[in-house]
Amino acid sequence: MPFDLVPSVCPHDCPSACALEVERIDGRRIGRVRGASAQSYTQGVVCAKVARYAERQHHPARLSRPLRRVGEKGVGEAAFSPISWEDALDEVAEQLTRATQCHGSETVWPYFYGGTMGLVQRDGIHRLRHAMRYSREHLSICNMLSDAGWLAGVGVKRGVDGREMGKSDLIVVWGGNPVSTQVNVMTHIATARKERDAKLVVVDPYRTASAEQADLHLAPLPGTDGALACAVMHVLFREGYADRAYMERYTDDPDGLEAHLAMRDPGWAARITGLSENEIVGFARLYGRTRRSYIRVGYGFSRSRNGAAQLFAVTCLPAVTGAWAHEGGGALYSNHGLVTIDRSLIEGLDLFDPGTRILDQSRIGPVLTGDPRDIGDGPPVTALFIQNTNPMVVAPESGLALRGFQRPDLFVCVHEQFMTETAAMADIVLPATTFLEHDDLYTAGGHTYLQIARAVLPPHGECRSNHEVVCGLAERLGARHPGFAMSAIELIDRTLHLSGLPDIEGFPEGGWLDCCPPFATGHFLDGSAHADKKFHFRADWRALGREHAQLPSFPDHVAVIDEGGPEQPFRLVAAPSRSFLNTSFNNTPSSVAREGRPTALVHPEVLEGLRLGDGDRIRVGNRRGSVVVHARGFDGMQRRVVIVEGLWPNHAFEEGIGINLLTSADPGQPRGGAVFHDTSVWLGPA
Ligand code: SF4
């Protein structure tokens with residue numbers, strides 16, 4: 001079938017932000033989606049789930065009309081009737097106004113997250129929030145802990161260009177599984193292996209698909225990576241791998257660090273991590289003797305009560321060896337702070353009132369059930385307007401989220417692409433465009449490009465973009481801001497201009513602007529972002545969050561994790577799967593077929609002790625509840641570790657609620673952050 005190739009950008013919550021080439025057929029449908037070969041990070045490669053995006057884009061279950069719920073909450077489309085856009089927006093505005101009249105404006109909570117990562121369509125909800133003085137949202141569910149850990153040492157959210165992995169002699173993938181979740185990292189690692197015979201080390205509590213490809217896999221117990229990093233640094237100092245001249249020039253207190261680490265030897269770390277001393281020393285020597293060593297820092301090991309401290313400890317490694325100074329050396333966590341974007345027009349920051357309350361998105365369950373730690377003496381949340389997220393499944397402690405959404409006095413509007421579990425609890429559901437149907441501007445975590453993508457297709461059915469819906473509500477609510485009168489592309493153009501960047505006219509062909517800094521800046525050779533220009537071995541946690549009392553200055557193992565005990569001896573990691581991305585793609589046929597069914601990976605000896613075998617039903621539980629999944633024996637981890645991959649729809653579980661029933665809404669330290677991989681559980685036959 002004839003098609004034209006149209007450029008775009010993957011909007012999903014993934015650091016790669018791939019530059020795409022989309023086959024457009026007859027102007028109304030898409031065929032295959034490919035990576036753009038001319039964009040030097042994407043290099044023509046995308047993950048399988050996005051290559052098959054036509055399944056999602058043209059899915060028969062796409063929402064196409066506004067809906068009003070006329071039946072029970074939680075039933076799905078059968079409980080809704082179609083209404084017009086005018087009636088739907090009128091009703092939402094009326095309900096938000098009524099709630100405000102009863103309880104004050106903070107009773108309304110606009111709630112969003114990274115279902116799309118484009119700045120206009122994702123963040124425009126803030127403009128409405130600020131204009132109306134609605135409750136703010138503490139964006140804690142993904143990168144709060146990892147940001148804090150990175151900023152403690154480096155001081156700014158950027159790192160060494162990901163393309164430099166191709167020039168490394170040792171790549172350490174720490175707490176991530178790029179084969180499944182960030183395929184482009186593997187492209188650059190493959191270059192280094194082919195051209196330089198580089199080694200790959202993966203640090204992850206279980207043998208992931210990435211670990212399968214590694215020369216060395218270290219599988220510490222969840223929540224103990226900080227101890228591993230400290231012992232590695234102990235060996236680096238003890239055996240002469242520390243670059244003292246580099247540290248003298250570029251770091252704040254190398255002598256203090258060395259003295260602090262004196263007691264944190266491999267024996268100490270072995271007892272905490274469950275690794276052997278030989279494994280720790282072997283890795284330390286490999287890392288220490290390789291100048292061009294590049295740590296690709298993932299998010300996984302930050303999803304723990306001590307996650308910020310763990311990530312901080314890992315960032316100290318290249319500062320001890322001086323790897324930052326070498327091409328192909330250093331570390332990267334995220335480049336989202338690389339380009340300074342003036343967000344005032346998109347987010348309505350000129351209307352921002354710091355006096356409005358802020359509620360923690362990861363604690364939506366406690367918030368909606370009136371937990372005094374969240375609500376205090378403020379009004380209850382009685383109205384939610386939700387875009388780009390599915391908290392009924394993705395939020396921790398989802399039993400509480402369910403109870404909250406069931407409240408009869410809670411008005412909910414959800415703007416979505418599918419009838420998600422959250423949409424099924426709404427009073428009004430509005431159909432949303434996909435990234436192929438609207439314009440947006442994208443930064444990236446994994447690379448250095450700023451990218452613009454224009455709509456490829458007309459909207460499906462009556463779908464409207466997030467920007468259009470926010471503007472439609474603003475008009476009805478009487479919210480005033482110039483951004484409400486602009487199109488998405490006008491917002492992009494003006495934002496680029498305000499940011500001192502090339503505007504639409506001046507943007508490079510293809511829509512990719514490479515913002516890679518010069519080598520010395522990219523490698524922090526002209527100083528880190530701290531006032532003293534040094535990398536900090538002594539973290540100033542007080543400056544990063546209020547809950548700092550238990551966080552030591554120097555890198556360490558911080559024993560605040562959910563260790564469990566005789567009642568809950570196992571440590572659950574609710575890891576991402578290859579074919580889903582949060583809850584996106586968990587309804588596309590090929591993704592579901594590949595993932596199979598909710599499954600617990602359990603060490604074979606543990607399984608045998610429970611008198612269970614492969615494929616048997618197993619109950620995984622803790623004090624928050626329990627779920628039934630199928631077991632699979634897997635020896636790629638320590639005996640205490642249990643893995644359940646993928647955010648399956650709730651209906652995929654026998655009892656209708658998913659894995660986040662078990663995870664905690666406790667905030668990580670020092671400033672909150674979801675602790676998805678810090679969960680003790682028991683196991684038993686179902
Ligand atoms: S690898 Fe990530 S950014 Fe690239 S296409 Fe897949 S989900 Fe999108």
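Residues are numbered from 1 along each chain as its sequence is written, and side-chain values use heavy atoms, with hydrogens and water left out. Because the model is predicted, local features need pLDDT of at least 70 and side-chain atom pairs count only at pLDDT 80 or more, while totals for chains, interfaces and linings use all residues.

**Helix contacts**

Helices (H or I, at least four residues) and strands (E, at least two) are DSSP runs, numbered from the N terminus. Axes are lines fitted to C-alpha atoms, for helices over the stretch in contact, and angles run from 0 to 180 degrees between N-to-C directions.

| Helix pair | Angle | Axis distance |
|---|---|---|
| H10 (residues 225-238) and H13 (residues 266-273) | about 165° | 9 Å |
| H13 and H14 (residues 277-288) | roughly 120° | within 8 Å |

The angle of about 165° between H10 and H13 makes this pair roughly antiparallel (over 145 degrees; under 35 is roughly parallel, 65 to 115 roughly perpendicular and the rest oblique). In their contact (heavy atoms within 4.5 Å), H10 contributes Ala-227, Leu-228, Cys-230, Ala-231, His-234, Val-235 and Arg-238, and H13 contributes Pro-266, Trp-268, Ala-269, Ile-272 and Thr-273. These comprise 9 nonpolar, 2 polar and 1 charged residues. Here Ala, Val, Leu, Ile, Met, Phe, Trp, Tyr, Cys and Pro count as nonpolar, Asp, Glu, Lys and Arg as charged, and the others, Gly among them, as polar.

H13 and H14, in turn, are oblique to each other. Pro-266, Gly-267, Ala-269, Ala-270 and Thr-273 of H13 meet Glu-277, Ile-280 and Val-281 of H14, a contact of 5 nonpolar, 2 polar and 1 charged residues.

**Ligand surroundings**

Around the ligand (a heavy atom within 4 Å) lie Cys-10, Cys-14, Ser-16, Ala-17, Cys-18, Val-46, Cys-47, Val-50, Val-183, Asn-184 and Leu-581. This shell has 9 nonpolar, 2 polar and no charged residues.

**Backbone positions**

Most residues other than glycine have a negative phi, and most peptide bonds are trans. Asp-197 has a positive phi of about 55° and sits in the loop between helix H8 (183-196) and strand E9 (199-203). Its relative accessibility of 56% means that Asp-197 counts as exposed (over 50%; buried is under 20% and partly exposed in between, with a 1.4 Å probe and protein chains only). Lys-533, with a positive phi near 65°, is partly exposed at 49%. A cis peptide bond, with omega about 15°, joins Gln-669 and Pro-670; Pro-670 belongs to the loop between strand E24 (641-644) and strand E25 (679-685).
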